[in-house]
Amino acid sequence: MGRTRLADVEAELERLPPERKMLVENALLLAAEALLGERPAELQEFLAGSSSSSPAWAKNRARLHVLSGRLHEESVRGSELRARLGLSRQRLGQLRDQGKLVGVQPPLRTEHWYPEWQFDVFGNVRAIVPELVRAARDARLSPLALHLLLTNPDAGIDGRALVELLDERPSEVVEVVEAGAAQGT
């Protein structure tokens, strides 16, 4: 499989319907931002692996980088959260294990990232977080799947993402997360 030229990608984009074109352009932008945010060694490893792998592997690897970039934008790194809350790495691990915090370990990362939606405007953990973690565990949703569910407007209520409803309609948000088990997720 030869390398795809930028001109080929641009030509392919022009053939797409406008709404699909916008989605693809946004995905490419997120992927580019995620790749540019990588340390040089990790970027070289990614690029080296993509040239010798199957198209399915490369597509999945790119998807993981896009999700990682999105998670990065919507979360606080563990090191930053430790400084903010004055907690050790071990204590954050205990809080995750006890279901009191949601921590996601992105692909190719060693540190957990903590979605911002679980903190109120004062930086305190919202009271609903343990209930959401319990519901997600019962529904067999990973921390990343829980984050994606809560931030997806299409999975929300009345066209609003569930994160927008955490304070005003918490019981309904928990019900949607619990429904994950009924849907086989």
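User: Is Arg-160 buried, exposed or partly exposed, and how is such a term to be read?

Analyst: Buried means a relative accessible area under 20%, exposed means over 50%, and partly exposed lies in between, computed with a 1.4 Å probe on protein chains only. Arg-160 has a relative accessible area of 29%, so Arg-160 is partly exposed. Of the 185 residues of the protein, 34% count as buried.

User: What conventions apply to the model?

Analyst: This is a predicted model, in which local features need pLDDT of at least 70 and side-chain atom pairs count only at pLDDT 80 or more, while totals for chains, interfaces and linings use all residues. Residues are numbered from 1 along each chain as its sequence is written, and side-chain values use heavy atoms, with hydrogens and water left out.

User: Where is confidence lowest, and where is it highest?

Analyst: The score pLDDT is the predictor's confidence in each residue, from 0 to 100. Where pLDDT is low, the predicted coordinates should not be read in detail. The mean pLDDT of the protein is 81, and 74% of its residues reach 70 or more. Confidence is lowest in helix 3 (residues 40–51), with a mean of 55, and highest in helix 7, at 96.

User: How many helices and strands are there?

Analyst: Helices (H or I, at least four residues) and strands (E, at least two) are DSSP runs, numbered from the N terminus. The protein has nine helices and two strands. Their order from the N terminus on is α-α-α-α-β-α-α-β-α-α-α.

User: With which residue does Arg-160 form a salt bridge?

Analyst: A salt bridge is a side-chain nitrogen of Lys or Arg within 4 Å of a carboxyl oxygen of Asp or Glu. By this rule the count comes to nine salt bridges. The partner of Arg-160 is Glu-168, with the closest N and O atoms 3.1 Å apart. Salt bridges that share partners also join Arg-134, Asp-138 and Glu-178 into one network.

User: Which parts does the salt bridge of Arg-77 and Glu-111 tie together?

Analyst: The side chains of Arg-77 and Glu-111 meet at 2.8 Å, N to O. Arg-77 lies in strand 1 (residues 75–77) and Glu-111 in the loop between helix 6 (89–97) and strand 2 (113–115), so the pair ties together parts that are 34 residues apart in sequence. Arg-77 is partly exposed at 31% relative accessibility, whereas Glu-111 is buried at 16%.

A further pair is Asp-167 and Arg-126, whose closest N and O atoms are 3.0 Å apart. Asp-167 is exposed at 57%, and Arg-126 is buried at 16%.

User: Which residues of helix 7 are buried, and how is their arrangement to be read?

Analyst: An α-helix has 3.6 residues a turn, so residues three or four places apart point the same way. In helix 7 (residues 129–138), the buried residues are Val-129, Leu-132, Val-133, Ala-135 and Ala-136. These residues cover an arc of only 165 degrees around the axis (from the directions of the helix axis to the C-beta atoms), which puts them on the same side of helix 7. Arg-140, which follows helix 7, has a positive phi, near 60 degrees.

User: Which members of the largest nonpolar core touch the most other members?

Analyst: In soluble globular proteins, nonpolar side chains tend to be buried together. A nonpolar core is a set of buried Ala, Val, Leu, Ile, Met, Phe, Trp, Tyr and Cys residues joined through side-chain atoms within 4.5 Å. Of the 23 residues in the largest core, those touching the most other members are Val-102, Trp-117, Leu-132, Leu-146, Leu-150, Val-173 and Val-177. Helix 7, helix 8 and helix 9 each supply at least two residues of this core, and the largest share, five residues, comes from helix 7. A second, separate core of seven residues includes Val-76, Leu-81, Leu-95 and Phe-119.

User: With which side chain does His-147 make a polar contact?

Analyst: A polar contact is a pair of N or O atoms within 3.5 Å; within protein, one must be able to donate a hydrogen and the other to accept it, and residues adjacent in sequence count only if both atoms are side-chain atoms. The side chain of His-147 makes such a contact with that of Trp-117, at 2.9 Å. His-147 belongs to helix 8 (residues 143–151) and is buried at 1% relative accessibility. Contact in general means heavy atoms within 4.5 Å. Leaving aside neighbours within four places in sequence, His-147 is in contact with Leu-71, Glu-74, Pro-115 and Trp-117.
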